[in-house]
Amino acid sequence: IDWSQNMVSFSPSISPELPGEGLVLRPLCTADINRGYYKVLGQLTKVGDVTAEDFIKTFEHMKKTENYYVIVVEDLNLGQIVATATLIIENKFIHGCAKRGRIEEVVVSDQCRGKQLGKLLLSVLTLLSKKLNCYKVTLECKPKNVAFYEKFGYVASDETYMQCRF
Ligand code: 16G
């Protein structure tokens, strides 16, 4: 990704390569199930009872499709995941068989707020979706988070987000 194209400023300055003292930004790996990955996801929503086997099966499927970019920030001193976000690429027949990006599961652990990690994750995945030639990238969020996402160029759509829950 071309980091110079990112839309937000960081103070103090951080980057994907240097996300902060003792922190590393990298793709999710299987061992992260033992580094509190689910504890972080649990701060967003219900995660359910997931066995290591369930996790590995789902993760292997995601990797095989090559359409999932799950990134995490690890605190190297604690050996714990402290933030995560996912970009999913969807293939379309429309727009000249274009690709569309979806940003999902953006979570920064309570203890790691104020380190600009949410900003970093969103900048990286938004730039990545552009680099992968998505014609758009979308996300769903709570009204209180709208101002945060606007910083990266996201605008509220005139379409209504609808869902049917089971
Ligand atoms: C938020 C998340 C979405 C996640 C959902 C879970 C972002 C930008 N959005 O909408 O990715 O799947 O919450 O909520 O992180 P649920 O458990 O009610 O489906």
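Q: Helices (H or I, at least four residues) and strands (E, at least two) are DSSP runs, numbered from the N terminus; where is glutamine 116 found?
A: Glutamine 116 lies in the loop between β4 and α4. The structure is a predicted model, in which local features need pLDDT of at least 70 and side-chain atom pairs count only at pLDDT 80 or more, while totals for chains, interfaces and linings use all residues. Residues are numbered from 1 along each chain as its sequence is written, and side-chain values use heavy atoms, with hydrogens and water left out.

Q: How many helices and strands does the protein have, and in what order do the elements run?
A: There are five helices and five strands. Read from the N terminus, the order is β-α-α-β-β-α-β-α-β-α.

Q: How do you know that the radius of gyration agrees with a compact globule?
A: The radius is taken over C-alpha atoms, and the rule is 2.2 Å times the number of residues to the power 0.38. For 166 residues a compact globule would have a value near 15 Å, and the protein has 16 Å, which agrees. Along the principal axes, the C-alpha atoms fill a box of roughly 45 × 40 × 30 Å.

Q: Why is glutamine 116 called buried, and asparagine 133 exposed?
A: Buried means under 20% relative accessible area, exposed over 50%, and partly exposed in between (1.4 Å probe, protein chains only). Glutamine 116 has a relative accessible area of 16%, and is therefore buried. Asparagine 133 is at 59% and so counts as exposed. Of the 166 residues in the protein, buried residues make up 38%.

Q: How many aromatic pairs does the count give, and why is the pair of phenylalanine 148 and phenylalanine 152 called edge-to-face?
A: Rings of Phe, Tyr and Trp (its six-membered ring) pair if their centres lie within 6.5 Å; planes under 30 degrees apart count as stacked, over 60 as edge-to-face and the rest as tilted. By this rule there are eight aromatic pairs. The ring centres of phenylalanine 148 and phenylalanine 152 are 5.1 Å apart and their planes stand at 70°, so this pair is edge-to-face.

Q: Why does phenylalanine 148 count as partly exposed, while phenylalanine 152 is buried?
A: Phenylalanine 148 counts as partly exposed because its relative accessibility is 21%. Phenylalanine 152 has a relative accessible area of 5% and is therefore buried.

Q: What makes the pair of tyrosine 149 and tyrosine 154 edge-to-face?
A: Their ring centres lie 6.4 Å apart and their planes meet at 75°, so the pair is edge-to-face. Both tyrosine 149 and tyrosine 154 are buried.

Q: Which residues form one aromatic cluster, and how do you know that lysine 63 sits over the ring of phenylalanine 59?
A: One aromatic cluster is formed by Tyr37, Tyr38, Phe55 and Phe59. A charge sits over a ring if NZ of Lys or CZ of Arg is within 6 Å of the ring centre and within 35 degrees of the ring normal. The charged end of lysine 63 sits over the ring of phenylalanine 59, 4.2 Å from its centre. The charged end of lysine 119 sits over the ring of phenylalanine 10, at 5.2 Å from its centre.
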